[in-house]
Amino acid sequence: MAGLVVSGTQVSYIGQDCREIPEHLGRDCGHFAKRLDLSFNLLRSLEGLSAFGSLEELILDNNLLGNDLVLPGLPRLHTLTLNKNQITDLECLLDHLAEVTPALEYLSLLGNVACPNELVSLEKDEEDYKRYRCFVLHKLPNLKFLDARKVTRQEREEALLRGSFMKVVKPKIKASEEGLEEENRLPVTASQPLQSTTIHPCLLLPETSPVIEVSWGSVAMFTMGKTRKATGLFEMTSSDGKFCML
């Protein structure tokens, strides 16, 4: 068959522009293949992969696989590469892999939106990628390699402690947005707590009354000799003729 390369238990069907796994590929090679390379095709579905029940390595780089990717149960699979596909939902993928590939030790997702680094966006940085690794290791704690980089002991410890909080990649605020936020920040008003408020002499009650501290700016207009409600306070005249606020 054109395009098919078989070497022992290794099967390659690369660059054939196939949109699905050919039925004859599973029929002819599924029973003995331990390594299957389907890179550089147009795969959107992995239907037919169930014929390869003994797979240990699966290479699916440069295809069109998305969030609806479904793998059959592959209990012996230890290596899976999905570089440069169309996967955006990281958690959905990891939950699926945890269920169908329990022996997985090597996973690579470079070139997918779900893997935040400079290959997919110049706005992503090393900190984004570290958070991603932490979350992946939280979901798949048995991994030894992630994206061609060995998993360190420190990463395992970090994933154990904080991995569940790393689901969402930290948002990045542009400098222009920071300036706009500063301009739109509301000024402190009389209704907001103040660190230090000076008590005006005419707002003091006799010693027998509890002293209430108010901001002078919170007092509205009032008329002398009358009791008027102003911002929840009442004006009264003390024995010495001074005005006090209750």
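In this predicted model, helix α3 (residues 126-139) and helix α4 (residues 153-162) pack at an angle of about 75°, with their axes 8 Å apart. Axes are lines fitted to C-alpha atoms, for helices over the stretch in contact, and angles run from 0 to 180 degrees between N-to-C directions. Helix α3 is therefore roughly perpendicular to α4, a term that covers 65 to 115 degrees. Helices (H or I, at least four residues) and strands (E, at least two) are DSSP runs, numbered from the N terminus. The contact (heavy atoms within 4.5 Å) involves Arg133, Cys134, Leu137 and His138 of α3 and Glu155, Glu158, Ala159 and Arg162 of α4.

The structure also contains 2 aromatic pairs, defined by ring centres of Phe, Tyr or Trp (its six-membered ring) within 6.5 Å. One of them, formed by Tyr106 and Phe145, is tilted, at 6.1 Å centre to centre and 35° between the planes; planes under 30 degrees apart would count as stacked and over 60 as edge-to-face. Because Tyr106 belongs to strand β6 (residues 106-108) and Phe145 to strand β7 (residues 145-146), the pair ties together parts that are 39 residues apart in sequence. Tyr106 is partly exposed at 23% relative accessible area, and Phe145 is partly exposed at 34%. Buried means under 20%, exposed over 50% and partly exposed in between (1.4 Å probe, protein chains only).

As for the cysteines, Cys115 is buried at 0% relative accessible area, whereas Cys92 is partly exposed at 39%. The count of disulfides, pairs of cysteine sulfur atoms within 2.5 Å, is 0.

Residues are numbered from 1 along each chain as its sequence is written, and side-chain values use heavy atoms, leaving out hydrogens and water. Local features need pLDDT of at least 70 and side-chain atom pairs count only at pLDDT 80 or more, while totals for chains, interfaces and linings use all residues.

How values were computed. Angles under 35 degrees count as roughly parallel, over 145 as roughly antiparallel, 65 to 115 as roughly perpendicular and the rest as oblique.
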